[in-house]
Amino acid sequence: YQAFAANFNTAAAPTAASYSQAFPGDGTSGGTTFPNSSDYAVYAQDDWRVTPKLTLNLGVRYDYQKLACPPTQNTDPLLLSNGLDTSRCPKDGNNFAPRLGFSYAFDDKTVLRGGYGIFYGRTTAIDLGTAHSNNGINVINVTLNAAQIRAAGLRFPNILSAVPTTSAPKNLFLFSDNYVQPYVQQARLGFEREILPSLSLSVTYMLFRGVHLTRTRDVNLSAPTALVATAPDAATFTFERFSSTRPISRATGITYNRISLFESTANSRYNGLAIQATKRFSKGFQFIAAYTFSKARDDKPDQTAVVVGADDSKIVQNQLNPRADWGAADTDLRHRFVFSPVYELGRYTRSENPILRALLSDYVFSGIVQLQSGFAYSAFIGNDPNNDGNRSNDRLPGTERNSFYTPATYQFDARITRIIHTSETTRLHLILEGFNIFNHVNVTNRGTR
């Protein structure tokens with residue numbers, strides 16, 4: 001801090017040095033907001049036993065989230081003429097969600113189950129609260145360089161008497177005019193068969209499709225043009241580069257930087273095939289073993305990109321063409337195997353020695369083995385080559401989003417539980433646990449440059 005302060009108080013301080021801070025606008029609540037919402041829902045459901053073998057589950061649900069409207073309208077004609085109303089209040093009142101399920105028992109050992117349904121999500125309070133405060137009026141960002149600070153005589157305890165005309169361009173957040181609630185379509189079809197006494201095997205196909213998912217998108221960008229860049233090794237790359245001039249702005253006076261819309265334009269899709277074997281408790285032993293082969297793709301939805309800079313990595317690379325980010329989801333795991341056994345060692349009766357029986361009785365051995373594919377990531381490049389003001393989402397040209405994967409991961413967790421009977425009605429459990437007991441190195445993330 002002392003070095004930082006000395007930098008501004010020195011006559012030779014570089015003019016490139018700057019200081020930024022946000023202040024509440026006059027006559028406003030500043031960053032204090034009340035993003036209240038009320039949820040209303042009603043549903044009806046019935047189970048219909050059509051035949052002794054066939055059962056249907058039928059239902060429908062209605063959801064409505066009443067959102068508190070942003071109380072402040074930025075009346076700047078430049079914004080309103082471009083259809084940007086900071087007081088816009090999202091209202092989506094037609095959220096009917098049907099559900100259908102069935103089960104068909106071929107016999108007492110074989111059953112086929114399936115279902116389909118629509119499930120509505122919510123608009124998060126962090127989006128609503130951000131729209132309430134980041135309207136260019138409630139919060140004012142001020143950036144001063146060293147020369148301006150010295151000229152204003154800003155040495156403690158001196159203060160600014162008014163917001164200078166050199167305040168930073170404003171960043172706005174507001175809802176799009178066609179914003180609706182996100183929802184997901186879910187469907188599954190599963191076949192289960194008891195292949196041995198106390199051992200069953202099931203195969204299930206699952207489909208999840210996200211529709212109208214929320215994203216944050218900067219609309220204050222001009223159409224990009226091609227830029228050819230040369231790397232140190234003489235390789236050339238072509239970037240789509242945006243103009244430094246923002247289309248919704250002014251030459252003087254109040255200017256705008258990012259104008260971010262909360263939109264319901266993102267999509268996702270998940271297809272999965274799960275195979276599970278379950279052994280019910282028999283002779284002190286039970287287990288669940290499951291393997292899932294799946295594929296998850298989306299165009300980078302996110303409901304939490306609300307802070308310029310801190311949340312930049314959550315935003316698509318080309319904000320005028322979000323569909324270009326369609327690719328493997330951040331949560332894409334192609335292969336996953338989990339094995340979870342439990343073995344209970346009851347009263348040890350093979351020895352006539354009471355001490356030995358006491359020491360070797362009442363143990364529970366359990367564990368979880370997890371084997372899975374690596375995590376998806378992109379080949380990012382720094383320094384904002386596409387010039388959109390976001391330094392955290394640019395990919396190397398010629399690479400798709402999340403086209404690379406970290407190595408597969410492996411983890412073995414174990415637990416030993418000793419049960420001590422302290423009385424006829426009470427027991428004491430002594431637990432020893434170990435996580436990743438073989439100390440296997442798992443790479444779950446990658447560095448950036």
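Reply: A definition comes first: two strands pair if DSSP finds at least two bridges between them, and strands (E, at least two residues) are, like helices (H or I, at least four), DSSP runs numbered from the N terminus. The model is a predicted one, in which local features need pLDDT of at least 70 and side-chain atom pairs count only at pLDDT 80 or more, while totals for chains, interfaces and linings use all residues. Residues are numbered from 1 along each chain as its sequence is written, and side-chain values use heavy atoms, with hydrogens and water left out.

Me: Which residue in strand 8 is the bridge partner of Ile 118?

Reply: Strand 5 (residues 110–120) and strand 8 run antiparallel and are joined by eleven bridges. Within strand 8, the bridge partner of Ile 118 is Gln 185.

Me: Over how many bridges do strand 8 and strand 9 pair?

Reply: In this pairing Tyr 183 stands opposite Val 211 of strand 9. The hairpin of the two strands has two residues between them, and there Ser 198 takes a positive phi near 70 degrees. Strand 8 and strand 9 pair in the antiparallel sense, and the number of bridges is 13.

Me: Which strand gives the most to the nonpolar patch?

Reply: With three residues, the one that gives the most is strand 9.

Me: Is Asp 332 buried or exposed?

Reply: Asp 332 is found in the loop between strand 14 (327–328) and strand 15 (335–345). Among the residues it touches, leaving aside those up to four places away in sequence, are Lys 295, Gly 374 and Tyr 405, a contact being heavy atoms within 4.5 Å. Buried means under 20% relative accessible area, exposed over 50% and partly exposed in between (1.4 Å probe, protein chains only). Because its relative accessibility is 0%, Asp 332 counts as buried.

Me: Where is Asp 299, which forms a salt bridge with Arg 215?

Reply: A salt bridge is a side-chain nitrogen of Lys or Arg within 4 Å of a carboxyl oxygen of Asp or Glu, and the closest N and O atoms of Asp 299 and Arg 215 are 3.3 Å apart. The pair links distant parts of the chain, 84 residues apart, with Arg 215 in strand 9 and Asp 299 in the loop between strand 13 (285–298) and strand 14.

Me: Why does the salt bridge of Glu 433 and Arg 415 tie together separate parts of the sequence, and how many residues apart are they?

Reply: The side chains of Glu 433 and Arg 415 meet at 2.5 Å, N to O. Glu 433 lies in strand 20 (residues 427–434) and Arg 415 in strand 19 (residues 409–421), so the pair ties together parts whose separation in sequence is 18 residues.
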